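Thanks for coming. I will go through one structure, part by part, and keep to what can be read from it.

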Amino acid sequence: MVVKVTSICCIGAGYVGGPTMAMIALKCPHIKVTVVDISQPRIDAWNSDELPIYEPGLDEIVKQCRGKNLFFTTDVEGAIAESEMIFVSVNTPTKKTGLGKGKAADLTYWESAARTIAAVSKTNKIIVEKSTVPVRTAEAIEKVLQRNCNTSGVRFDILSNPEFLAEGTAMDDLTAPDRVLIGGKIEGQEGTDAVASLVEVYANWVPQERIITANLWSAELSKLAANAFLAQRISSINSMSALCEATGADVSQVAYALGKDSRIGPKFLNASVGFGGSCFQKDILNLAYICECHGLTEVADYWYSVVGMNDYQKNRFVKRVVSAMFNTIRNKKICMLGFAFKKDTGDTREAPAIDVGNGLIEDGARLAIYDPKVSDAQIAMDMGAGMSNITTYKSHIEALRDAHAVCVMTEWDEFKSYDWGEIYGVMQKPAFVFDGRLILDHDKLREIGFIVYALGKPIEPFLRSAEGN
Ligand SMILES: NC(=O)c1ccc[n+]([C@@H]2O[C@H](COP(=O)([O-])OP(=O)(O)OC[C@H]3O[C@@H](n4cnc5c(N)ncnc54)[C@H](O)[C@@H]3O)[C@@H](O)[C@H]2O)c1
């Protein structure tokens, strides 16, 4: 029987759970949506004027729906008990210890959520995997649910509904997704009905042709594969950026020419200091680990190399900074513009700025960090002991005052509109710009007097001679 869902609970009020549920609440006013989390501060923030995450457009939607059909609470058990459909959107980080350490997904939070669901469920539930998980997790979770439920006759249908939103554009992605993928046990009637129940929720705003159904394992694997393919494009263009610098080619021109090929397409071809975010690296490592577990060593190595290229790019950037500045950055003030892993988010998980910052500190630099959205506390948490060499600033011009160099770490739009003439005036000379995101007007900067290094662009004579070339 296809359940017409009127109550949804989402376990995990993070970057995925919060925005996704806000969108469901907005588009489905007939459905009561309750988002739960074990973190009281996170729930308090969702119930306040200062939401725990920054995402353009999110504030307005939360304010519109909160208290009407969108609720945030730490009453995990109560919300599960009264909902027909439970989304699980908890974190699935890379394992830090034990078997598969550094590669496999840590499903501790997922399993704990499943045990709670089993313990409090007195009626049938449709469980929706929103977290990114290894292939066949649904099978394992089903066993946990069935063996731990004390009420006889309760049925759990498990669906995989991986989330493809990108931070920074999450609300647009959720409003008009390229596709919604729903995996279930479509070989049987009950599985097909459960899939239909979730299709019906999305059909409130997503055109039918964009709602794809698949079997459970295909849906789970598609998410890992999608992130691996996206990251692989970034690593591919970044590998070209190194070759461009060596040969005098221009990576932007190469990317443009590549992107005009309709088989390749223009997106995700921006060379940069590297990809970050909570997902790409963890999902590739997880994918490669699954390959290893199936004896597919060559396939695993292929995907590991995508992460390897990303590390290479960050190291290469640090080396360029050091060698360009006459091989010494000891006690030099270096300003990092941007700390978030990409623009329009305050998320710093796996941000390239962390590794680059640590690399520069290792060489003796004093860092001045300015980011429009990342809090000082977050930077302190990410940089740990390195903080003794870091000052954070609320104004870009103060961060740049007396700096020897500026490294653009995030592609925030505001960096493009700064008065770079004024900036030149307050910096030490020679004033260096290291554009790790290729967002600035390099010719104009050179006219002002800056020495400019831009990833994947022809190296200017000053830098060649400083590097001894
Ligand atoms: N961040 C993204 O852009 C993105 C995109 C697509 C998919 N994903 C995937 O979605 C999942 C969630 O990612 P996120 O970025 O939202 O993570 P997050 O860390 O921001 O949020 C997860 C939340 O789950 C809560 N939680 C953990 N265990 C719980 C439990 N047992 N009961 C209640 N709450 C619990 C945590 O307190 C946390 O607030 C991950 O698997 C991730 O890979 C993330």
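**Domains and how they meet**

The chain is assigned two domains, domain 1 (7-206) and domain 2 (309-466); such bounds come from an automatic or database domain assignment. Before going on: this is a predicted model, in which local features need pLDDT of at least 70, side-chain atom pairs count only at pLDDT 80 or more, and totals for chains, interfaces and linings use all residues. Residues are numbered from 1 along each chain as its sequence is written.

Between the C-alpha centres of domain 1 and domain 2 there are 38 Å. How many residues of domain 1 are in contact with domain 2? Seven, and they meet seven residues of domain 2; contact is taken as C-beta atoms, placed from the backbone, within 7 Å. On the domain 1 side that touches domain 2, four residues are nonpolar, one is polar and two are charged. In that count, Ala, Val, Leu, Ile, Met, Phe, Trp, Tyr, Cys and Pro are nonpolar, Asp, Glu, Lys and Arg are charged, and the others, Gly among them, are polar.

**The core**

The largest nonpolar core has 140 residues, and those with the most contacts inside it include Ile86, Val321 and Cys335. A nonpolar core here is a set of buried Ala, Val, Leu, Ile, Met, Phe, Trp, Tyr and Cys residues joined through C-beta atoms within 7 Å. Buried takes 20 or more other C-beta atoms within 10 Å of a residue's own, exposed 12 or fewer, and partly exposed is in between, with C-beta atoms placed from the backbone. Helix H12 (residues 297-324) gives this core its largest share, nine residues. Helices (H or I, at least four residues) and strands (E, at least two) are DSSP runs, numbered from the N terminus. Each of domain 1 and domain 2 supplies at least three residues to the core.

Leaving aside neighbours within four places in sequence, Cys335 is in contact with Ala368, Tyr370, Ala399, Leu400, Ala403 and Val406.

UniProt, in an unreviewed entry, places the feature "active site" at Cys279. UniProt positions are in the numbering used here, feature names are shortened, and annotations may be inferred rather than shown by experiment. Cys279 sits in the loop between helix H10 (251-259) and helix H11 (280-293). Is Cys279 buried or exposed? It is buried, because it has 25 C-beta neighbours inside 10 Å. Not counting residues up to four places away in sequence, Cys279 touches Thr132 and Asn227.

**Backbone details**

Most residues other than glycine have a negative phi, and most peptide bonds are trans. Asn331, in the loop between H12 and strand S9 (333-337), has a positive phi, near 65°. Asn331 is exposed, because 10 other C-beta atoms lie within 10 Å. The peptide bond from Lys429 to Pro430 is cis, with omega near -5°, and Pro430 lies in the loop between helix H16 (420-426) and strand S13 (432-435).

Conventions: Two residues are in contact if their C-beta atoms, placed from the backbone, lie within 7 Å.
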